[in-house]
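Please consult the sequence and the model while reading.

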Amino acid sequence: MELFKKAEKIKKDIPAVFLALNDKKTPLSAKIFAAVTVVYALSPIEFST
């Protein structure tokens, strides 16, 4: 799967990621990974070549 297609799929999953970020039972490492994923998905910078 191409990187751009993966980013599009992540954008569709963002609401679930936000719910995980707000859950108190979610481990800190998962919250950090989720936050980085959201920032990457919403970034206007195109990383694919």
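The sections below move from the overall architecture to single residues.

## Basis of the model

The model is predicted: local features require pLDDT of at least 70, side-chain atom pairs count only at pLDDT 80 or more, and totals for chains, interfaces and linings use all residues. Residues are numbered from 1 along each chain as its sequence is written, and side-chain values use heavy atoms, with hydrogens and water left out.

## Overall architecture

The protein contains two helices and zero strands. Helices (H or I, at least four residues) and strands (E, at least two) are DSSP runs numbered from the N terminus. Helix H1 covers 3-22, and a loop lies between it and H2; helix H2 comprises residues 28-42.

Of the 49 residues, 16% count as buried. Buried means under 20% relative accessible area, exposed means over 50%, and partly exposed lies in between (1.4 Å probe, protein chains only). The protein exposes about 4,200 Å², of which carbon and sulfur atoms supply 68%. Accessible areas come from the Shrake-Rupley method with a 1.4 Å probe, and for residues only the protein chains shown count as cover.

## Helix H2 and its two sides

H2 has 15 residues and reaches 21 Å from its first C-alpha to its last, close to the 21 Å expected at 1.5 Å a residue. The expected span is 1.5 Å times one less than the number of residues. The buried residues of H2 are Ala34, Thr37, Val38 and Ala41. Viewed down the axis of H2, these buried residues fall within an arc of 100 degrees, so they line one face of the helix. The arc is that of the directions from the helix axis to the C-beta atoms. An α-helix has 3.6 residues a turn, so residues three or four places apart point the same way.

The face of H2 turned away from the buried side carries the exposed residues Leu28, Ser29, Val36 and Val39. Leu28, Ile32 and Val36 make a nonpolar surface patch of about 310 Å². Patches are made of residues with over 30% relative accessible area and no salt bridge; like charges are joined within 9 Å and nonpolar side chains (Val, Leu, Ile, Met, Phe, Trp, Tyr) within 5 Å. A salt bridge is a side-chain nitrogen of Lys or Arg within 4 Å of a carboxyl oxygen of Asp or Glu.

## Residues of helix H1

Val17 belongs to helix H1 and counts as buried at 18% relative accessibility. Leaving out residues up to four places away in sequence, Val17 touches Ala34 and Val38; contact means heavy atoms within 4.5 Å. The C-alpha atoms of Val17 and Lys31, 14 residues apart along the chain, are separated by 8.7 Å.

Leu21 also lies in helix H1, but it counts as partly exposed, at 21% relative accessibility. With residues up to four places away in sequence not counted, Leu21 touches Lys31, Ala34 and Ala35. Ala7, another residue of helix H1, counts as buried at 12% relative accessibility. Its C-alpha atom is 5.6 Å from that of Ala41, 34 residues apart along the chain. Pro15 is likewise in helix H1, yet it counts as exposed at 54% relative accessibility. Pro15 and Val38 are 9.8 Å apart, C-alpha to C-alpha, and 23 residues apart in sequence.

## The loop between the helices

Thr26 is found in the loop between H1 and H2. Thr26 is buried, with a relative accessible area of 17%. Apart from neighbours within four places in sequence, Thr26 is in contact with Ala20 and Lys31.
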